[in-house]
Amino acid sequence: MATDTSQAAARVVVVGAGPVGLFLAGELRLGGADVVVLERLRTPTTESRASTLHARTVELFDCRGLLDALGDPPREPRGHFGGVPMDLTMPGPYSGQWKVPQTRTEELLQDWATALGADIRRGWEVRELSPHDGREDGHVEITADTPDGVRRLRAAYVVACDGEDSTVRRLTGAAFPGAPAGRELLRADIAGIDIPNRRFERREHGLAIAARMPGGVTRVMVHVFGRPARRRTGPPAFTEVLDAWRQVTGEDLGAGRPVWLNAFGDANQQLERYRHGRVLFAGDAAHRQMPSGGQALNLGLQDAANLGWKLAAVARGRSPQGLLDTYDDERREVGRRVLANIRAQALLLLGGPEVEAARTLLAELIAAGPARDHLAAMITGLDVRYPTGGGAHPLLGARLPLSALPTPDGLVEVAMSLRDGRGLLIVSDSARAELRWLGKVWSDRVTSVAVRPDAAEPLHGAEGLLVRPDGHVAWAGSDPWAATAAFRHWFGRPDPGL
Ligand SMILES: Cc1cc2nc3c(=O)[nH]c(=O)nc-3n(C[C@H](O)[C@H](O)[C@H](O)COP(=O)(O)OP(=O)(O)OC[C@H]3O[C@@H](n4cnc5c(N)ncnc54)[C@H](O)[C@@H]3O)c2cc1C
C-alpha cells in the first residue's frame with residue numbers, strides 16, 4: 001500500500017468532521033495551511049445534539065462572516081446554573097443563547113470550510129497513527145479504512161477532533177484523568193404527546209424537564225435521585241425513559257413515539273496535555289463533560305479558534321513550534337475552569353434533597369447581582385483572558401469587544417477587520433511612526449487600522465493594540481520595542497522581502 005506524501009510538508013490532517021473539526025479546518029485554511037479532514041461517517045449525522053451557541057462563539061462566527069448564513073435564530077436570555085434559573089444577558093451585540101440545532105451549525109461550517117478549500121473525505125475511519133518526530137522531516141503517518149480499502153497518508157501535524165471516545169487519544173495513549181460518570185440524565189425526543197413544559201422541576205423522587213420543540217416533538221429529560229449512571233453501549237430503551245418519567249412525575253408517556261433517545265452522564269475528564277508533539281487535541285477529544293448549559297460545544301469551537309491560526313503559521317514555517325505550546329497552556333486552563341463549573345452544576349442539578357440548601361443560597365447570590373455577572377461571563381465565554389506576560393492595560397489578554405473603530409475615513413468594524421483570519425494592529429492616527437511602521441513590516445499577516453486621535457477611546461489610553469486572529473489582545477501600549485517582541489512572538493519573523 002502506497003503512502004500519499006504529496007504536499008505532506010505543510011499538510012494538517014484533522015480527524016473528525018464534527019463541529020470542532022470543521023471550524024478548525026476553515027481556520028487552518030484561512031491561515032494558508034493545506035488541510036485534509038478525515039471523517040468516518042459517510043454522511044453528516046442527523047442526531048439532534050447541542051442547540052445553543054453562546055455569545056463568544058457568535059462573536060467568533062461574526063469575525064468569520066458566518067452570521068448571515070445563520071439567519072435570525074431565536075435567542076433565549078434565560079439560562080441556568082445547575083438548574084438554578086439565571087439571566088445570561090451580557091453587554092455586547094450577541095447577548096443571550098442563540099438556539100441553533102447542532103446539525104445546522106455543522107452544515108454551515110462544512111460549507112464554509114469547503115468553500116475555503118478544505119478537503120473533507122467522508123467514509124475515512126482512522127485506525128492507526130505513527131508519529132515521527134525527526135527534526136528535519138518530522139511527520140505523522142495515518143492509516144484509515146476508506147470506501148476504497150485501506151489508505152495511508154502523511155501529514156506534518158494531526159489534530160484529533162474525533163469526539164469524546166477519541167480513537168486518536170487511545171492510539172497515542174494520552175493520559176485522560178478525571179471522574180467517570182456517576183449519575184446521568186435520560187433524554188428522549190417524543191412525538192405525539194401533550195404535556196406541560198417543565199424547566200428543571202425538582203420533585204420528591206427526581207428531576208424532570210420537558211420542552212415542546214418546533215415540529216410538535218417534546219424533549220424530556222429525567223433523573224431519578226440517587227440512581228447511578230449505567231454502563232452503556234448504546235442509547236437507553238424507550239421503556240427505561242418511560243419508567244423513570246413515571247417514577248418522578250406520575251405521568252405515562254407510553255402513547256408517544258420516540259424520535260431520538262440518549263443518556264448523558266456527569267463524567268468529567270480532561271487531557272493532561274493538549275499537545276503531544278505533532279498530534280494535538282481539540283473539542284470533546286480533549287475534554288469530556290456533561291453538556292450543561294450548552295458549554296461543551298462552545299468550549300470546543302473556541303479551542304478551534306485558538307488553535308487554527310497558530311497551527312497554520314507553524315505548518316507554513318512562519319512560526320516556531322513553540323507557538324503550539326501556547327494553545328496547550330491557554331486552552332487547557334480555560335477547559336479546567338469550565339469543567340470545574342460543570343462539575344459544580346452536576347452536583348446541584350442531579351443531587352437530591354441534600355443539595356436544596358446550597359441551591360437556595362446560590363439563587364440568593366444570583367439575585368444579588370455580582371454573582372450572576374460572574375457566572376454569566378463564564379458560561380458565555382466572554383470572560384476568557386489569556387496570559388500575555390506583563391502590562392496592566394485593561395484589555396490585555398481579553399477579547400477585543402466588537403465595536404466600530406472611528407478612522408479618518410469613517411467607521412471600521414472590528415469583526416470585519418478580522419474576517420480574513422489575520423491579526424489586527426490598531427493605532428492612534430497620532431501614534432509614533434515606529435508603531436505604524438511595525439504594521440507595514442508584518443503587513444502580510446496583520447491588518448493595520450489607524451483610529452482618529454480625538455476618538456481613540458477603543459485604545460483605552462494606549463497608542464496601539466495588537467490583536468490576534470482569534471480576537472484576543474496580545475499587546476497594548478506605546479513602547480515600540482515591546483510591540484516588536486509581541487509581533488515576533490505571535491506572528492513569527494517578518495518576511496525578509498518586506
Ligand atoms: C448524544 C449526544 C448528545 C449531546 N447533547 C448535547 C447538548 O444537549 N448540549 C450540548 O452543549 N452538547 C451536547 N452534546 C455535546 C456536543 O454535541 C459536543 O460537545 C460536540 O459535538 C463536540 O464536537 P466535536 O467536534 O468535538 O466532537 P463530535 O461532534 O463528537 O465529532 C467527532 C467526529 O469525529 C468522527 N470520528 C470519530 N472517530 C473517528 C475516526 N477514528 N476516524 C474518523 N472520524 C472519526 C465522528 O464520526 C464525529 O463526526 C451531545 C453529544 C452527544 C454525543
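Predicted model: local features only at pLDDT ≥ 70, side-chain atom pairs only at ≥ 80, totals over all residues.
User: Before we get to the sheets, what has to hold for two strands to pair?

Analyst: Two strands pair if DSSP finds at least two bridges between them.

User: How many bridges join β4 to β8, and which residue does leucine 53 stand opposite?

Analyst: Strand β4 and strand β8 (residues 97-99) run antiparallel and are joined by two bridges, with leucine 53 standing opposite tryptophan 98 in β8.

User: OK, switching to the ligand: which residues come nearest?

Analyst: There are 28 residues around the ligand, and of these Glu39, Gln102, Val126, Arg187 and Asp284 come nearest. By class, the shell is made up of 13 nonpolar, eight polar and seven charged residues.

User: What distances do you get for glutamine 102 and arginine 187?

Analyst: For glutamine 102, an N or O atom of the side chain is 2.8 Å from an oxygen atom of the ligand, while for arginine 187 a side-chain N or O atom is 2.6 Å from a nitrogen atom of the ligand. Proline 19 takes part through its backbone, where an N or O atom lies 3.5 Å from a ligand oxygen atom.

User: And how much of the ligand's accessible area does the protein cover?

Analyst: On its own the ligand has 980 Å² of accessible area, and the protein covers 89% of that. The elements giving two or more residues to the shell are α1 (19-30), β3 (34-39), β10 (125-132), β19 (257-265) and α7 (295-315).

User: Where does the ligand lie relative to the domains?

Analyst: It lies between domain 1 (3-178 + 269-380) and domain 2 (184-265), because both of them give residues to the shell around the ligand.

User: Back to sheets, then: what is the strand order in the four-stranded one?

Analyst: That open sheet has the order β27-β26-β28-β29, and its pairing is mixed. Its edge strands, β27 (446-451) and β29 (473-477), each pair on one side only. On average, and with direction ignored, neighbouring strands of this sheet are turned by 15° against each other.

User: In which sense do β26 and β28 pair, parallel or antiparallel?

Analyst: Strand β26 (residues 423-428) pairs with strand β28 (residues 464-467) in the antiparallel sense over four bridges, and valine 427 stands opposite glycine 464 in β28.

Note on methods: Residues numbered from 1 in each chain as written. Heavy atoms only, no water. Near = heavy atom within 4 Å. Polar contact = N/O pair within 3.5 Å; in protein donor to acceptor, adjacent residues only side chain to side chain. Areas by Shrake-Rupley, 256 points an atom, 1.4 Å probe, with all protein chains shown as cover. Nonpolar A, V, L, I, M, F, W, Y, C, P; charged D, E, K, R; others polar. Domains from an automatic or database assignment. Axes fitted to C-alpha atoms, helices over the stretch in contact; angles between N-to-C directions.
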